[in-house]
Amino acid sequence: MPLERLDAHALVNECCWCGKRPRPNREHFALSGVARDEVDLSPYEGAGIRIPLETQTRRVDAIVPTATAPARREGYNVIFVLCSRACGAALRDALRKEILLGQLLREVADEAT
Ligand SMILES: [Zn+2]
């Protein structure tokens with residue numbers, strides 16, 4: 001599955017679900033996911049990827065952390081940047097449906113933190 005490669009710096013300042021810019025002095029949230037074993041994300045480490053969703057008329061952008069990032073030590077290799085827990089919950093629910101159908105992710109965290 002070919003993925004569009006994006007600049008990660010642009011992604012850290014925008015909610016991947018609603019598109020809002022989180023306010024600079026407000027807390028950011030992130031939802032973590034795990035790609036399927038057969039998906040090789042190594043060419044995208046340190047960059048972003050654009051994920052088309054089959055169940056939604058939208059796509060979401062995610063960051064692929066580098067091999068030394070804390071998320072990787074916890075077993076996650078896809079990070080979604082969000083403006084709020086509410087956007088995190090909406091994305092999680094959409095991705096969980098997508099996991100059943102999708103080709104990219106096999107797991108997504110319970111809550112944006
Ligand atoms: Zn949002």
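Guide: Let us begin with Val81. Leaving aside neighbours within four places in sequence, Val81 is in contact with Leu11, Val12, Glu14, Cys15, Cys16, His28, Ala30 and Ile63. Two residues are in contact if their C-beta atoms, placed from the backbone, lie within 7 Å. This is a predicted model, in which local features need pLDDT of at least 70, side-chain atom pairs count only at pLDDT 80 or more, and totals for chains, interfaces and linings use all residues. Residues are numbered from 1 along each chain as its sequence is written.

Visitor: On which sides is β5 covered?

Guide: In a regular strand the side chains alternate between the two faces of the sheet. In β5, both faces are covered: Val78, Phe80 and Leu82 are buried on one side, and Ile79 and Val81 on the other. A residue is buried if 20 or more other C-beta atoms lie within 10 Å of its own, exposed if 12 or fewer, and partly exposed in between. Strands (E, at least two residues) and helices (H or I, at least four) are DSSP runs, numbered from the N terminus. Because five of the five residues of β5 (residues 78-82) are buried, this strand is largely enclosed by the rest of the structure.

Visitor: Which strands pair with β2?

Guide: Two strands pair if DSSP finds at least two bridges between them. Strand β2 (residues 29-35) pairs with β5 in the antiparallel sense over five bridges; Leu31 has Phe80 as its bridge partner, and Ser32 stands opposite Ile79. With β6 (residues 105-108), β2 forms three bridges, also in the antiparallel sense, and there Ala35 has Leu105 as its partner. Five of the seven residues of β2 are buried.

Visitor: Which residues have the most contacts inside the largest nonpolar core?

Guide: A nonpolar core is a set of buried Ala, Val, Leu, Ile, Met, Phe, Trp, Tyr and Cys residues joined through C-beta atoms within 7 Å. The largest one here has 28 residues, and those with the most contacts inside it are Cys16, Ala62, Phe80, Val81, Leu82 and Leu91. At least two residues of this core come from each of α1 (8-11), β2, β3 (48-52), β4 (59-63), β5 and α3 (85-101). The most is given by β5, with five residues.

Visitor: Where do the buried residues of α3 lie around its axis?

Guide: An α-helix has 3.6 residues a turn, so residues three or four places apart point the same way. In α3, the buried residues are Cys87, Gly88, Leu91, Arg92, Leu95 and Glu98. Seen down the helix axis, they fall within an arc of 130° (taken from the directions from the axis to the C-beta atoms), so they line one face of α3. The face turned away from them carries the exposed residues Asp93 and Leu100. What covers the buried residues includes β2, β4, β5 and β6.

Visitor: How many helices and strands does the protein have?

Guide: The protein has three helices and six strands, in the order β-α-β-β-β-α-β-α-β along the sequence. Of its 113 residues, 33% count as buried.
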